[in-house]
Amino acid sequence: MKRVRITLSPPNAYLPPVYRLLTQQATYLSEVYIVNWNVTEPPVGFLLLVRGAYERLGDELETAENVRDFELFPNGDEEAYCFLAADGITAGRALFENFTREDILTVPPIECHDDGSSTFTLVGTDAAIQAAVEGVPEGVTVTIDAVGTGRVAADDPGRSLSPRQRETVQAALRVGYYDVPREATTAAVADEVGCATATASEHLRRAERRVLSSLFGE
C-alpha cells in the first residue's frame with residue numbers, strides 16, 4: 001500500500017468551464033477545495049469549500065456555462081461551502097476517471113490552484129497508482145510531491161502552492177522582492193517570470209495566503 005501526493009497541471013482544454021471560473025477567473029477567491037464529489041454519471045456533483053468574496057461567486061454561477069444547479073452555505077464572512085451540479089461530459093472527466101481505477105482512493109480535499117492545476121493524495125497499491133500516473137494523457141504534467149507510507153498531506157507550506165505560485169515566489173526571492181529593505185517591485189517579479197504585473201501580484205497574494213494559513217491555521 002502506498003500514499004502519493006501529486007499535482008496535475010493540465011492544459012486548458014481539459015478544464016471544464018466552471019473549473020476555469022473557480023480557479024482562473026474568480027480572482028476574488030483566495031482558496032478553492034473540492035471536499036467531496038460524485039462523478040458516476042452526468043450531471044456530476046461537487047461539494048466545494050471556497051474562501052474569499054463568495055457572494056460574487058454566487059452571482060457568476062447563475063449564468064455559468066455547464067452549471068445545472070448550485071447552492072452556497074456560508075460559514076462566516078469569508079468562507080462558504082458550495083454544492084455544485086454540472087452538466088455535460090468534458091475531457092477533464094476522463095482525466096479524473098484515470099484516478100478512480102482499481103483500488104485507488106483519492107483523499108479529500110483536492111486543492112485547486114489559480115493556474116488550473118490541482119493537488120491531491122492517492123492511496124492504493126503500488127501497481128494501481130503507478131498505472132494511474134502512467135495513464136495520464138499526453139500534455140498533462142504530473143508532479144510527484146511526496147511518496148511514502150506515512151502522512152503525505154501538505155505539512156510543508158510550500159507544497160500547498162501551485163507550480164505557478166511556487167515559481168513566482170522563487171522569482172520574488174531571487175530579485176529581492178522579500179529583502180529588507182525591499183530591492184525589487186512586483187513589476188520586476190513579473191518580468192522575471194514573464195507575465196503581467198497584475199498576474200504576478202495575484203500569484204504572490206494567493207501564495208502568501210496559503211503559506212500563512214498553513215503555518216497559523218484557519
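**A surface patch and a helix face**

Guide: Leu47, Phe73, Tyr81 and Phe83 make up a nonpolar patch on the surface, with about 320 Å² of accessible area together. Areas come from the Shrake-Rupley method with a 1.4 Å probe, and for residues only the protein chains shown count as cover. This is a predicted model, where local features need pLDDT of at least 70, side-chain atom pairs count only at pLDDT 80 or more, and totals for chains, interfaces and linings use all residues. Residues are numbered from 1 along each chain as its sequence is written, and side-chain values use heavy atoms, leaving out hydrogens and water.

Visitor: Where's Tyr81 found?

Guide: In strand 5; strands are DSSP E runs of at least two residues, helices H or I runs of at least four, numbered from the N terminus. Tyr81 counts as partly exposed because its relative accessibility is 31% (buried is under 20%, exposed over 50%, partly exposed in between).

Visitor: Switching topic, which residues of helix 2 are buried?

Guide: Tyr54, Leu57, Gly58 and Leu61, in a helix that covers residues 54-61. They fall within an arc of 100° seen down the axis of helix 2, so they line one face; the arc uses directions from the axis to the C-beta atoms.

Visitor: What do they pack against?

Guide: Helix 1 (17-25), strand 2 (29-38), strand 3 (44-52), strand 4 (67-74) and strand 5 (79-86). Contact means heavy atoms within 4.5 Å.

Visitor: How many helices and strands are there?

Guide: Seven helices and eight strands.

Technical notes:
Buried < 20%, exposed > 50% of the residue type's maximum accessible area, 1.4 Å probe, protein only. Patch = residues over 30% accessible without salt bridge, like charges linked within 9 Å, V, L, I, M, F, W, Y side chains within 5 Å. Salt bridge = Lys/Arg side-chain N within 4 Å of Asp/Glu carboxyl O.
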